[in-house]
Amino acid sequence: MRKIVYYVASSVDGYISGIGGDVSKFVYEGQAVEKYLNDLKSFQTVIMGRNTYEFGYKFGVKPGDPSPVYAHMKHYIFSNKLKFENQKTQVEIKKLVPEEIDRIKANSPTDIYLCGGGKFAGWLLAHKKIDILKVKLNPLIISRGIKLFEGVETTYLLHLNECEPFDNGMQIMTYEIHYP
């Protein structure tokens, strides 16, 4: 079965965006970003929650279309409410149930890229569905906004597999998640 990889930018204090989805202070160039974009090429499947998908509208994604950044990937958007009038075949809406995640993991040709979303990531973590956490640690403190994992009430142990320092003070840390 394929692994779900939560590959996400975070501030040092654990936020993936500031208030109102503000991501303007995150690093968008340099070696770490180049590595991330290159790493994305290895994924053929992306999963995300409704909020993350709709966040893409700010960057030109049209409802029902795949994200241009992940155009080579099959998109699964998890929502119990979202519907599109014109939905591309590359985009599927799935109900927010753990069995849907299991089906995708069983059928994906590659590991699965979890594209952001603190709420969705928190839900996946609570259901023990995330296998790898790759944090693009940005050298900033945001103090308020969307957490890396929203609504998490359990402690999870992580095993650091790799830590790569980059220019601009960035680091990419790869963790394996150990579930209680």
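**View 1. The largest nonpolar core and the residues that touch the most other members.** Among the 26 residues of the largest nonpolar core in this predicted model, Tyr6, Ile47, Leu114 and Ile130 touch the most other members. Such a core is a set of buried Ala, Val, Leu, Ile, Met, Phe, Trp, Tyr and Cys residues joined through side-chain atoms within 4.5 Å, where buried means under 20% relative accessible area, exposed over 50% and partly exposed in between (1.4 Å probe, protein chains only). At least two core residues come from each of β1 (4-11), β4 (74-78), α3 (98-107), β6 (112-114), α4 (118-126), β7 (132-138) and β10 (171-178); α4 supplies the largest share, 5 residues. Helices (H or I, at least four residues) and strands (E, at least two) are DSSP runs, numbered from the N terminus.

Two notes on reading all the views: residues are numbered from 1 along each chain as its sequence is written. Because the model is predicted, local features need pLDDT of at least 70 and side-chain atom pairs count only at pLDDT 80 or more, while totals for chains, interfaces and linings use all residues; side-chain values use heavy atoms, leaving out hydrogens and water.

**View 2. Around Ile130.** Setting aside neighbours within four places in sequence, Ile130 is in contact (heavy atoms within 4.5 Å) with Ile4, Tyr6, Leu114, Ala121, Leu124, Leu125, Phe149, Ile177 and Tyr179. A second, separate core has 24 residues, including Val5, Met73, Phe84 and Ile132.

View 3. Glu100, Ile101, Ile104 and Lys105 are the ones to look for on the buried side of α3. They lie on the same side of the helix because they cover an arc of only 135° around the axis, taken from the directions from the helix axis to the C-beta atoms. Their cover includes β1, β3 (45-49), β4, β5 (91-94), β6 and α4. On the face turned away, you will find the exposed residues Ala106 and Asn107.

**View 4. The lining of the largest pocket.** Of the 45 lining residues, Thr52, Phe55, Cys115, Gly116 and Gly117 are the closest to the centre of the largest pocket. α2 (50-55) gives the most to this lining, with 5 residues.

**View 5. Glu153 in its loop.** Look for Glu153 in the loop between β8 (146-147) and β9 (157-165). Glu153 is exposed, with a relative accessible area of 78%. Ala126 is 27 residues from Glu153 in sequence, and the two are 8.4 Å apart in space, C-alpha to C-alpha.

How values were computed: 1 Å grid on protein atoms, 1.4 Å probe; cavity = no way out; pocket = protein on both sides within 12 Å on 5 of 7 lines; lining within 4 Å.
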